[in-house]
Structures are given as C-alpha cells and as structure tokens.
Amino acid sequence: MLKITNLAKKISIDKDKRQLFQNFNYELKSNKIAFLLGPSGSGKSVLFKCIVGLMMQDQGEVYLLGKNRELWAIEEFRKACAYVGQAPVRSEHTVAEFLQRPYELSIRHGSMLDEARVKELLNKM
C-alpha cells in the first residue's frame, strides 16, 4: 500500500517559485494500478520523484507498506518500488529483457522477475 499525506512542492522557474502541488493526499491499495494524467509541465514527474525520494518534497509524508519512506533503508525501499521516467529508452533488448535488468543488480540477488505477474498487470492495462 502507498499512502501520501499533505505532500507539497514548489519549484523555481526564472526566479519565481511555482507551487506544483499542495496538501496532496492519496492512498493506493496493494495490487492496484493507478494512472496520473495531466498537461505537460503540471508536475506529474516531480510528484513521482518526490514519492520515490529522487526529489525531496517541501512538506508531507510518504508511506510504503505502512512505513514512512524516511525510515526505510534505501536498498530495501528500492527493492519495494521503482520509478520509470518518461524519457524514451532506446535499446536492442526486448521489453522482457528490459524488465529483467533490475533483477540483475546485486541488491536483488536471489530474486526473480515474476513473468506471470507482469503479464497479468499488462493485460489489466
């Protein structure tokens, strides 16, 4: 489960501070999929970067599996979730090979990609 409480983030654009989001609250139950839609520049990528800790929010908290993100060891947090940016990735690899890559890292030693689960999630989309 992912729970976000009172998340806020301002960014500086040409010496001006712009509030991207404020008092953002959301809860995503386990085994559910959510989509975030919005116009270009509205803060979607910044929101996700704040959620996974690649960018710090100005206020608010993020909980994953009931535990505050700040209390997770970074290695364990990265095992539990991932951020895939919107920049296209050009590769000679297949999608299946691309999805397998994180499981080749030493931090994931001993774990395997659940191909049946990937197919199940893709079919839901």
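**Cysteines, a loop lysine and a nonpolar patch**

The count of disulfides (pairs of cysteine sulfur atoms within 2.5 Å) comes to zero. This is a predicted model: local features need pLDDT of at least 70, side-chain atom pairs count only at pLDDT 80 or more, and totals for chains, interfaces and linings use all residues. Residues are numbered from 1 along each chain as its sequence is written, and side-chain values use heavy atoms, leaving out hydrogens and water.

**Cysteines**
- Cys50 is in no disulfide; the nearest cysteine sulfur belongs to Cys81, 13 Å away.
- Cys50 is buried, because its relative accessibility is 0%. Buried means under 20% relative accessible area, exposed over 50%, and partly exposed in between (1.4 Å probe, protein chains only).
- Cys81 counts as partly exposed, at 22% relative accessibility.

**Lys15**
- Lys15 sits in the loop between strand E1 (2-13) and strand E2 (16-28). Strands (E, at least two residues) and helices (H or I, at least four) are DSSP runs, numbered from the N terminus.
- Lys15 is exposed, with a relative accessible area of 86%.
- Lys15 and Arg101 are 86 residues apart along the chain, and their C-alpha atoms are separated by 40 Å.

**Nonpolar patch**
- Ile33, Phe35, Leu37, Leu122 and Met125 form a nonpolar patch on the surface. Together they have about 620 Å² of accessible area, by the Shrake-Rupley method with a 1.4 Å probe, where only the protein chains shown count as cover for residues.
- Patch residues have over 30% relative accessible area and no salt bridge, and nonpolar side chains (Val, Leu, Ile, Met, Phe, Trp, Tyr) are joined within 5 Å. A salt bridge is a side-chain nitrogen of Lys or Arg within 4 Å of a carboxyl oxygen of Asp or Glu.
- Phe35 lies in the loop between E2 and helix H1 (44-52). Phe35 is exposed, at 60% relative accessible area.

Definitions and conventions: Patch = residues over 30% accessible without salt bridge, like charges linked within 9 Å, V, L, I, M, F, W, Y side chains within 5 Å.
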